[in-house]
Amino acid sequence: MDTSTPSNVLRLGSTRDYQGPYIHQLPPEILIIIFHLCIDLWSSGKDITRLLLVCRAWKATVDNVPSLWTTINAADGLQHIRTAIAKTRESPIDLIRRSTDPVSLDDFLMEVGGKIAYWRSVELHFDSRPASYRGLQTSTCTRLEKLRMARATRRLAQKMPLCPLDGGPAPAMLKELSLFRILVDLRAMRLSNLSKLELNDVPHLVTEDILLVLDNSPMLVTLRLQKLGGLRVSDPIGGVTVHLGSLATCTLNLPIPVTRFLLSAMHTPSLRRMKIHCDLDGSTPASSLFSPPITTFAPTLPGLISPAKYIDVEFSGNGHSTIVFGGLEITLHTPNFDEYRRLRDMLNSLMSHPGVNGAGLNAHLHFSDSGPDLENLLLFNCQPMVEELIVSGWFWDDISSKISAGLGTRIHNGPEGWLFPELEVIKYYIDEDFYDSFEIALERRYCEVRTTEETSATTRQYPRSLKEIHFHSEDSKASGPEFKQDFLNRIRTLAGNPKIFWRGVLLDVDDVSP
């Protein structure tokens with residue numbers, strides 16, 4: 001038997017035909033693509049330095065590919081900024097400067113100003129007003145596609161105006177504009193054909209100018225308008241319809257009259273994600289957002305809510321509460337007012353709005369740092385019926401004792417005489433101090449009435465049996481109470497053998513201890 005190695009097979013240790021590591025045999029075009037994937041937007045300088053230090057061949061490649069240097073981040077320091085500026089040649093560049101970066105905004109603008117004709121995107125965060133605006137004139141910033149500017153404090157926005165692009169017309173190629181606490185004259189900028197518009201806490205805006213931008217940007221995909229307190233609804237613009245056929249995501253945190261007006265003015269057939277935030281005072285009913293119904297918004301609602309498998313209702317403390325219904329998310333802020341009743345009113349108003357069909361959908365009710373009493377809980381003892389209850393937060397004792405007491409209290413006789421009779425899943429992400437009260441509640445809710453069910457052949461006299469009970473989220477593995485086998489065994493018996501989860505792990509509580 002011939003055991004010799006064929007001549008065309010490289011023997012171990014031989015250097016014949018060896019061309020080095022496979023990565024050095026890649027075509028340059030492929031290697032450059034790999035290098036691009038290795039460079040992160042927020043650490044471009046460090047990532048490029050690592051590539052330069054690997055070997056001479058890589059250094060030569062990186063030094064001679066301008067597109068690898070086009071992200072210029074002030075966090076990398078002046079030396080890297082100057083090197084990158086020199087190596088980009090005529091490639092479009094992306095600029096990033098945050099308020100915590102070691103290079104001042106004035107110095108940063110001075111260094112990159114010579115490349116203004118090649119700016120593709122600019123993201124500037126700052127605390128104080130820069131002394132120089134070099135490079136922000138629209139006459140020479142012709143390639144700019146994305147502009148994002150943010151000021152740290154609101155006080156500066158009011159007293160030291162800073163107008164992007166020196167208040168002149170925006171470059172024709174500008175597609176994305178994001179401003180936070182930056183004074184702007186939208187009409188003078190002549191914005192059009194935007195794909196993304198974000199205005200947050202921008203002073204002195206008027207509704208007519210925003211509508212003009214929207215009307216001139218029919219391909220807009222993302223719209224976010226937040227805390228624009230100066231907006232008002234005036235008679236001359238009544239009946240306006242803006243067609244935004246590509247709008248997919250919309251966030252509105254505005255006074256309710258302005259929100260209603262925009263919802264009635266925008267035709268958004270492709271909208272799939274909408275967030276609405278409402279600040280309510282003592283005289284503003286939550287239902288005023290959708291009452292009377294907004295007829296022009298009704299055709300949009302079915303597409304928004306159609307992905308919903310349930311309605312998520314959350315109370316997160318400090319007067320904040322949220323409804324998530326498919327792609328529609330509504331947050332209410334009701335400081336010092338009845339947040340539970342306000343949210344119930346909003347839910348009723350939404351469910352009765354034309355285009356909304358919540359039939360067959362149940363609710364997932366979440367209390368986080370919010371301790372409702374029985375009266376508040378009973379507000380949600382109707383459609384949509386609660387099938388999942390989540391309790392979490394810091395004020396564990398207060399929350400758990402109130403909710404446990406509610407679950408263990410018979411409200412009235414009959415098959416639906418208990419709080420949340422359709423409840424199937426309980427998630428308690430709180431401390432072990434609630435164990436005793438929770439165990440008593442389950443005993444009252446399920447065990448003490450089961451004999452009634454046995455004597456009645458036609459009527460179910462006790463609530464729907466639990467399918468799952470979760471104790472402590474997976475995130476609590478580093479903290480939280482110790483695993484208690486006896487307690488979990490008793491809970492499973494009392495609740496009629498549901499699945500038990502401990503810190504995200506399904507347990508066989510008879511045999512398994514994590």
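Is Y428 buried or exposed, and at what relative accessibility? Y428 counts as buried, because its relative accessibility is 0%. Buried here means under 20% relative accessible area, exposed means over 50%, and partly exposed lies in between (1.4 Å probe, protein chains only).

This is a predicted model, in which local features need pLDDT of at least 70, side-chain atom pairs count only at pLDDT 80 or more, and totals for chains, interfaces and linings use all residues. Residues are numbered from 1 along each chain as its sequence is written, and side-chain values use heavy atoms, leaving out hydrogens and water.

Start with the rings. The whole structure holds ten aromatic pairs. Rings of Phe, Tyr and Trp (its six-membered ring) pair if their centres lie within 6.5 Å; planes under 30 degrees apart are stacked, over 60 edge-to-face, and the rest tilted. F315 and F367 make a stacked pair, at 5.5 Å centre to centre with 10 degrees between the planes. This pair links distant parts of the chain: F315 sits in strand β12 (residues 311-317) and F367 in strand β15 (residues 363-368), 52 residues apart. Helices (H or I, at least four residues) and strands (E, at least two) are DSSP runs, numbered from the N terminus. Both F315 and F367 are buried.

Now return to Y428. Its ring centre lies 4.8 Å from that of F438, and the planes stand at 40 degrees, so the pair is tilted. Y428 belongs to strand β17 (residues 425-429) and F438 to helix α14 (residues 435-447), so the pair ties together parts ten residues apart in sequence. F438 is buried too, with a relative accessible area of 0%. Ring pairs join Y428, F438, F471, F487 and W502 into a cluster.

In soluble globular proteins, nonpolar side chains tend to be buried together.

Helix α9 is mostly covered, with eight of its ten residues buried. Among them are R260, F261 and L262. The cover over these buried residues includes α8 (207-215), β7 (222-226) and β11 (273-279), where contact means heavy atoms within 4.5 Å.
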